[in-house]
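Hello,

Here is the structure I promised to pass on. My notes follow it.

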Amino acid sequence: MELELRHLRTLCCIAEAGSLGRAAVMLGRSQPAVSTQLGRLERHFSRQLFQRTAAGVRPTPFGAQVLAQAREVLSAAERIGGSTAVDGTEPDCALRLAATNTPILPGLVRRLRDVLPALTLTVSSVYASSDIVELLERDEIDVAIGVDYPGRELAHSDALEHRGIIVEPVFLALPTGHRLRHRTDIALAELAGEAWFLTPDDGAGWPGVFHAACQTAGFAPAAVHEFLGDQAQLQRMIAEGIGVSVVQATIQPIPGVVVKPLTGTPLWARYLLVWRREGRAGDIAETLYLSAVDAYRELIARAPHFQTWMSRTYTSP
């Protein structure tokens, strides 16, 4: 077979997702199709690229080398012929960026300023991913970070394109005095009597996926506080023992709050980059994507609870 850019993107997606199933969700394809393509790529290289485990996949040492080279090729390919769109020689070198509630945004913006210093960037916060799609469809923004959930891919027209940044587990935040604070992980069913803080409808499946997971665990939440504020305020209320909350895996807990994984990982969320196919964002889509991935890796490096979960989950038996 002859290697194409789409093959390299598939390899990078598998590595970022950590499993063929989640990679399939991110790519909008079936798991057997992704598995078949990976098999063909491994036959092409005559080497195993990923080690299969009960929890998913992780790159072999050879696979890690191939991935590093693949990312370099994809980055170089994105830059071909695209310099005039963002080097300040064109009158229109501005980008309108929106993002849902995600810690990826600050790191993404910082990297874009470093890599594309001539780019004029306008940033806005938009909570609902469905609203993000509408703004993109109406050409009111150029690119955004949205969220969706496995099995509920974000819907949009052919005028837009999306690419998964990461599929991450949903964790739990609870006060340090909680009866389950010493657990390595906590089963959702053990929290049946808790009061919950939940963010409102995001137009992409939340909080429906949460309630579905609770139903599978055999209960309905006893009390729900709808909350859409800053994370620091949410954590202060958790520290006061007012309730518990599901949170992003890379959250940095404040004193009085502990963050734990949920047993069996019943909830996953995917962060994705969405942009207009025609226009300035399409010209620099690979730069945007790689900047977002790098920003997320930085978040992981600052989240010991997430690193511990990853080492337990992706270590071979």
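His 7 counts as buried, because its relative accessibility is 5%, under the 20% cut-off. Its place is in helix H1, residues 5–17. Leaving out residues up to four places away in sequence, His 7 touches Met 1, Glu 2, Gln 37 and Leu 41. Please keep in mind that this is a predicted model.

**Overall build**

The protein chain has 11 helices and 11 strands. Its C-alpha atoms fill a box of roughly 60 × 50 × 35 Å along the principal axes. The radius of gyration is 20 Å, which agrees with the value near 20 Å for a compact globule of 317 residues. Of those 317 residues, 50% count as buried. The accessible surface is about 14,400 Å². Carbon and sulfur atoms account for 51% of that surface.

Contacts reach across the sequence. Take the contacts between residues at least 6 apart in sequence: 74% of them join residues at least 24 apart.

**One residue with such contacts**

Ala 98 counts as buried, since its relative accessibility is 0%. Ala 98 and Asp 142 are 44 residues apart in sequence, yet their C-alpha atoms are 8.2 Å apart in space. Beyond four places in sequence, Ala 98 touches Ser 124, Val 126, Ile 141, Val 143, Ala 144 and Ile 145.

**The cavity**

A general point first. Rolling a probe the size of a water molecule over the atoms shows where empty space is left.

How many cavities of 30 Å³ or more does the structure hold? It holds 1. About 390 Å³ of space lies in the largest cavity. Its lining has 23 residues. Asn 101, Thr 199, Trp 206, Val 246 and Gln 248 lie nearest the centre.

Which elements give two or more residues to this lining? They are strand S6 (160–175), strand S7 (195–198), helix H8 (231–239), strand S9 (244–248) and strand S11 (268–276). S9 has the largest share, with 4 residues. By class, the cavity lining divides into 15 nonpolar, 6 polar and 2 charged residues.

**The second largest pocket**

This pocket has a volume of about 420 Å³. Its lining also comes to 23 residues. Ala 15, Glu 16, Ile 166, Ile 300 and Met 310 lie nearest the centre of the pocket.

The elements that each supply at least two lining residues are H1, strand S2 (56–59), S6, helix H10 (285–301) and helix H11 (304–313). S6 gives the most, with 5 residues. The classes here are 16 nonpolar, 1 polar and 6 charged residues.

Two elements come up again. H1, which holds His 7, supplies residues to the pocket lining.

Most residues other than glycine have a negative phi, and most peptide bonds are trans.

- The peptide bond from Trp 206 to Pro 207 is cis, with omega near 5 degrees. Pro 207 lies in the loop between S7 and helix H7 (208–217). Trp 206 is one of the residues nearest the centre of the largest cavity.
- Asp 139 has a positive phi, near 60 degrees. Asp 139 is partly exposed, because its relative accessible area is 38%.
- Thr 265 has a positive phi too, near 50 degrees. Its loop runs between strand S10 (257–261) and S11. Which is Thr 265, buried or exposed? Thr 265 counts as buried, because its relative accessibility is 15%.

**In brief**

The model is predicted. It holds 1 cavity of 30 Å³ or more, and the second largest pocket has a lining of 23 residues. The cis bond is the one from Trp 206 to Pro 207. The positive phi values are those of Asp 139 and Thr 265.

Best wishes

How values were computed. Residues are numbered from 1 along each chain as its sequence is written. This is a predicted model: local features need pLDDT of at least 70, side-chain atom pairs count only at pLDDT 80 or more; totals for chains, interfaces and linings use all residues. Side-chain values use heavy atoms; hydrogens and water are left out. On a 1 Å grid over the protein atoms alone, a cavity is a set of points where a 1.4 Å probe fits but cannot get out, and a pocket is an open set with protein on both sides within 12 Å along at least five of seven lines; lining residues have an atom within 4 Å of a point. Grid points are joined across faces, edges and corners, and a volume is the space filled by probe spheres set on the points. Ala, Val, Leu, Ile, Met, Phe, Trp, Tyr, Cys and Pro count as nonpolar, Asp, Glu, Lys and Arg as charged, and the others, Gly among them, as polar. The radius of gyration is taken over C-alpha atoms; the globule rule is 2.2 Å times the number of residues to the power 0.38. Buried means under 20% relative accessible area, exposed over 50%, partly exposed in between (1.4 Å probe, protein chains only). Contact means heavy atoms within 4.5 Å. Accessible areas come from the Shrake-Rupley method with a 1.4 Å probe; for residues, only the protein chains shown count as cover.
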